[in-house]
Amino acid sequence: MHRTSYTYDDVVSSSYGRCYLTPRELPHQRVLSAGVTIEPEPDDWSTGVDVYGNADSYFHVRSNHDELVVTATSVVEVDPPDPGMLLSPAALGPWEQARPSSIGPAGAGAVEFLLDLTPPEITPAVAGYAAEVFRPGRPLIEAVTDLTSRIFRDFTYKSGSTAISTRVDTVLERRMGVCQDFARVAIACLRSVGLAARYESGYLATDPPPGRERIFGADASHAWAAVWLPGDRWLAFDPTNDKLVDERHVTVAWGRDYDDVPPLRGVIYTESKKSRIDVSVDVSPIGADDVSEITEGSSRTNAD
């Protein structure tokens, strides 16, 4: 469950919002139920699919309110990662061979994910950091796991140390941030050497596996990166927790950057001078009996 509440010190007369809160249907991930509720109930509501295939929702609340609560609840079945991908020629071959521009039409869909952002994120500092990892001829999987581990070691996870607008170069200089920052550092490094990379958002199971230390980013929406492999497959990795993405990760949306897939953004009309946002996320394994009980009743939004 993902719950976001906004409270204001004056009345809000109109609130528009767009959210990415519904997990994706993927070969390794099946959405058994999903729903989003808005309080107060929206006057207008629509759902759709964006250019990257992500499910998004739009709402408009026109009744006066001083609190807005958006709650997303879903039940998702996620398979363990395919070990064959890590042993494939694409993963074990030199990383240079995974550049989309070097393999013709097969990589056409990935070329967009090569492009830098505006303003640019690929700076000399980013290129220098990446060059330490992507040495000539190194196997792609070895370089990607090294990049994942380096970011985990070199950067400190600290909530509130950055904002959405913080540049990658600033994060690299401060060596501090949160999961979104570390994903963006990894993406900029990959793109600096000509590899296609995308930003992926979602959730991470709240409790660590037995015998493992606590994980970072589990109590809020999470983010990680993915690199494109020949054969049109993507290898996702989580530099915040120094691991490849597995069955504890729930994928919600992906794009070129955070701005493509923020969990929630919008516009309000109010005289309010102050506001507060509270976000809570709970991702927990459930048993087969619980799944049956939940999925017997179809999931709905309050706009149905």
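A residue counts as exposed when its relative accessible area is over 50%, and as buried when that area is under 20%. The structure examined here is a predicted model. In this model E25 has a relative accessibility of 52% and therefore counts as exposed. E25 is found in the loop between β1 (2–19) and β2. Leaving aside neighbours within four places in sequence, the contacts of E25 are with R30 and V31. Although E25 and V252 are 227 residues apart along the chain, their C-alpha atoms are separated by 8.9 Å.

S57, in contrast, counts as buried, because its relative accessibility is 6%. This serine belongs to strand β4, which covers residues 55–61. When residues up to four places away in sequence are not counted, S57 touches G17, R18 and C19, together with W45, S46 and T47.

Helix α4 spans residues 140–154 and contains 15 residues. From the first C-alpha to the last, α4 reaches 21 Å, which is close to the 21 Å expected at 1.5 Å a residue. The buried residues of α4 include L140, I141, A143, V144 and L147. D146, T148, S149, R150 and I151 in α4 are buried as well.

L147 also has a place in the largest nonpolar core, which has 60 residues. The residues with the most contacts inside this core are F134, L147 and L195. Helix α6 (residues 179–192) supplies the largest share of the core, 9 residues. Beyond its neighbours within four places in sequence, L147 is in contact with Y129, V133, F134, A186, C189, L190 and F237. Another core, of 13 residues, lies apart from the largest one; L26, Y52, F113 and W254 are among its members.

Empty space in the model was also examined. Rolling a probe the size of a water molecule over the atoms shows where such space is left. The largest pocket holds about 750 Å³ of space. Its lining consists of 29 residues, and those nearest the centre of the pocket are V76, V250, V283, S284 and P285. The elements that give two or more residues to this lining are β2 (29–39), β5 (65–78) and α7 (288–296). Of the elements, β5 gives the most, with 7 residues. By residue type, the lining of the largest pocket divides into 19 nonpolar, 6 polar and 4 charged residues.

How values were computed. Residues are numbered from 1 along each chain as its sequence is written. This is a predicted model: local features need pLDDT of at least 70, side-chain atom pairs count only at pLDDT 80 or more; totals for chains, interfaces and linings use all residues. Side-chain values use heavy atoms; hydrogens and water are left out. On a 1 Å grid over the protein atoms alone, a cavity is a set of points where a 1.4 Å probe fits but cannot get out, and a pocket is an open set with protein on both sides within 12 Å along at least five of seven lines; lining residues have an atom within 4 Å of a point. Grid points are joined across faces, edges and corners, and a volume is the space filled by probe spheres set on the points. Helices (H or I, at least four residues) and strands (E, at least two) are DSSP runs, numbered from the N terminus. Ala, Val, Leu, Ile, Met, Phe, Trp, Tyr, Cys and Pro count as nonpolar, Asp, Glu, Lys and Arg as charged, and the others, Gly among them, as polar. The expected span of a helix is 1.5 Å times one less than its number of residues. Buried means under 20% relative accessible area, exposed over 50%, partly exposed in between (1.4 Å probe, protein chains only). A nonpolar core is a set of buried Ala, Val, Leu, Ile, Met, Phe, Trp, Tyr and Cys residues joined through side-chain atoms within 4.5 Å. Contact means heavy atoms within 4.5 Å.
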